[in-house]
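Subject: Structure for your review

Dear colleague,

Please find below the structure that I would like to hand over to you. My notes on what was found in it follow directly after it.

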Amino acid sequence: MQVKLLNSSQMAIAHVNLDPDEELFAQNGSLVAMTAGIEVHSLMRRSSEGGKQNTNKRSQAKTLYLNNYHGGEDGGEIYLAPALIGNL
């Protein structure tokens, strides 16, 4: 995997070259562009906070949506950027 940052740090785009059968996990909504050989699978991860220290009867959960990019047989290229302006 090779990553190159394009543009300035405030509006950066990550250009990622994936080798064959290589995977990359990225936050949902960060994809700008990709080549045709990339496979994309979405997943959801949920974690609960608090536990024994939580005084509320309901535990709060955080949900994170991720995309799994797979390089396939020939690899491929992906361009990623943050949803909001800021450092990458």
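A residue is called exposed when its relative accessible area is over 50%, buried when that value is under 20%, and partly exposed in between. Ser42 has a relative accessible area of 61%, so it counts as exposed. Please keep in mind that this is a predicted model, and that the values below are computed from it.

Overall architecture

The protein has zero helices and seven strands. Read along the sequence, the pattern is therefore written β-β-β-β-β-β-β. Of the 88 residues in the protein, 25% are buried. The accessible surface comes to about 6600 Å², and carbon and sulfur atoms account for 49% of that surface. As for contacts between residues at least 6 apart in sequence, 67% of them join residues at least 24 apart.

Strand β5: Ser42 and Glu39

Ser42, with which these notes began, lies in strand β5. Which residues does Ser42 touch, not counting residues up to four places away in sequence? They are Leu66 and Asn67. Ser42 can also be compared with Tyr69: the two are 27 residues apart in sequence, and their C-alpha atoms are 8.9 Å apart in space.

Glu39 is placed in strand β5 as well, which covers residues 39-48. Its relative accessible area is 39%, so Glu39 is partly exposed.

A patch of negative charge

Glu39 is also one of the residues in a patch of negative charge on the surface, where it gathers with Asp21, Glu23, Glu73 and Asp74.

Asp21 is found in the loop between β2 (13-18) and β3 (23-27). Is Asp21 buried or exposed? Its relative accessibility is 55%, so Asp21 counts as exposed. The backbone of Asp21 is also worth a look. Most residues other than glycine have a negative phi. Asp21 is not a glycine, yet it has a positive phi of about 60°.

Asp74 lies in the loop between β6 (61-70) and β7 (76-80). With a relative accessible area of 73%, Asp74 is exposed. How many residues separate Asp74 and Gly37 in sequence? The answer is 37, while the distance in space is 6.9 Å from C-alpha to C-alpha.

The loop between β3 and β4, and strand β4

Gly29 belongs to the loop between β3 and β4. Gly29 is exposed because its relative accessible area is 56%. Gly29 and Asn67 are 38 residues apart in sequence, with 8.6 Å between their C-alpha atoms. Asn67 has already been mentioned above as a residue that Ser42 touches.

Leu31 is in strand β4, which is made of residues 31-34. Why does Leu31 count as partly exposed? The reason is its relative accessibility of 36%, because values between 20% and 50% fall in that class. If residues up to four places away in sequence are left out, Leu31 touches Tyr69, Ile78, Tyr79 and Leu80. Leu31 and Ala14 are 17 residues apart in sequence and 9.7 Å apart in space, again from C-alpha to C-alpha.

Leu5 sits in strand β1, which runs over residues 2-6. At 52% relative accessibility, Leu5 is above the 50% cut-off and so counts as exposed.

With kind regards

Technical notes:
Residues numbered from 1 in each chain as written. Predicted model: local features only at pLDDT ≥ 70, side-chain atom pairs only at ≥ 80, totals over all residues. Heavy atoms only, no water. Helix = DSSP H or I, 4+ residues; strand = E, 2+ residues; numbered from the N terminus. Buried < 20%, exposed > 50% of the residue type's maximum accessible area, 1.4 Å probe, protein only. Patch = residues over 30% accessible without salt bridge, like charges linked within 9 Å, V, L, I, M, F, W, Y side chains within 5 Å. Areas by Shrake-Rupley, 256 points an atom, 1.4 Å probe, with all protein chains shown as cover. Salt bridge = Lys/Arg side-chain N within 4 Å of Asp/Glu carboxyl O. Lys, Arg positive; Asp, Glu negative; His and termini not counted. Charge placed at Lys NZ, Arg CZ, Asp CG, Glu CD. Contact = heavy atoms within 4.5 Å.
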